[in-house]
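Subject: Structure for your review

Dear colleague,

I am handing over the structure we spoke about, and my notes on it follow below. Please read them with the coordinates open beside you.

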Amino acid sequence: TAEIVLMAVGGMALLWTGPALEYSILFAGAVLFSTITVWVHVHNRQRSTIFQVVSAMALTSTSLVAALSATGRIQSWTWALWGLLAAQATAGIFTVHARIDARVAAKNPAHPNLARRPARICAVALLLGSITAVWFAHYEVAAGLLLVASSYLWDLRRQGDPESLKMPLTKVGLRALAFSLVYAALMIAGLW
């Protein structure tokens, strides 16, 4: 309840000082996603990979709100920022799911690793994005994409090592968070 009140007060302040139409559209999207999130949690489906990817897209869309509040409008570069942040988060989700599947498969070899292939595809897509960014002389963006792509590909490779699979997921998560923060900073520096 306290968080809803704080969000409402913050939202009203933004509406009061900024472009009402853009904020209203973004806030309507946030309300819709919040409603979906409640439904997903009530039905105990929060571990669904699809829901987690949609969540990543919704949560990274806050970059649009940040840019809108900082500049007074949604700049063209903010759409690219949102897409790049969502792509990195999606790759991270599939990589973590692949690690979890690999841990289960280490104990039960019949368990399929359904996330491994999408994780590789996402990591390779980030790598190709890095090459494209170099082509267009967006070197900070290229560096960030190369950093996370190589991190995810390295993690996928290490998942074949039983010792690596013993690493606590909290440590995996903290490492991924550190890469994500550096990545986000490089994306902002390269696009702003």
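The protein chain exposes about 11,800 Å², and carbon and sulfur atoms supply 71% of that area. Please bear in mind throughout that this is a predicted model.

Of the 192 residues in the protein chain, 32% count as buried, and the C-alpha trace spans about 55 × 45 × 20 Å along its principal axes. The protein chain has 9 helices and 0 strands, so that its pattern, read along the sequence, is α-α-α-α-α-α-α-α-α. Among the contacts in the protein chain with a separation of 6 or more, 64% are accounted for by residues 24 or more positions apart. As for charge, the protein chain carries 14 positive and 7 negative side chains, with the centres of the two sets lying 9 Å apart.

Helix H7, which covers residues 139-158, has 20 residues and reaches 28 Å from its first C-alpha to its last, close to the 28 Å expected at 1.5 Å a residue. Its buried residues are Val141, Ala142, Gly144, Leu145, Val148, Ala149, Ser151, Tyr152, Asp155 and Leu156. The buried residues of H7 pack against helix H5 (76-107), helix H6 (116-135) and helix H9 (169-191).

Two individual residues may also be of interest to you.

Ser63 is placed in helix H4, which comprises residues 62-71. With a relative accessible area of 10%, Ser63 counts as buried because that value falls under the 20% cut-off. The side chain of Ser63 reaches the backbone oxygen of Thr60 at 2.8 Å, and, if its neighbours within four places in sequence are left aside, Ser63 is in contact with Thr78, Leu81, Trp82 and Leu85.

Phe51 is found in helix H3, residues 49-60, and is buried, with a relative accessible area of 10%. Not counting residues up to four places away in sequence, Phe51 touches Phe33, Thr37, Val40, His41, Arg45 and Gln46. Phe51 and Ala86, which are 35 residues apart in sequence, are 13 Å apart in space, taken from C-alpha to C-alpha.

Key: Residues are numbered from 1 along each chain as its sequence is written. This is a predicted model: local features need pLDDT of at least 70, side-chain atom pairs count only at pLDDT 80 or more; totals for chains, interfaces and linings use all residues. Side-chain values use heavy atoms; hydrogens and water are left out. Helices (H or I, at least four residues) and strands (E, at least two) are DSSP runs, numbered from the N terminus. Buried means under 20% relative accessible area, exposed over 50%, partly exposed in between (1.4 Å probe, protein chains only). A polar contact is a pair of N or O atoms within 3.5 Å; within protein, one must be able to donate a hydrogen and the other to accept it, and residues adjacent in sequence count only if both atoms are side-chain atoms. Contact means heavy atoms within 4.5 Å. The expected span of a helix is 1.5 Å times one less than its number of residues. Accessible areas come from the Shrake-Rupley method with a 1.4 Å probe; for residues, only the protein chains shown count as cover. Lys and Arg count as positive and Asp and Glu as negative; His and the chain ends are not counted. The place of a charge is taken as NZ of Lys, CZ of Arg, CG of Asp or CD of Glu.
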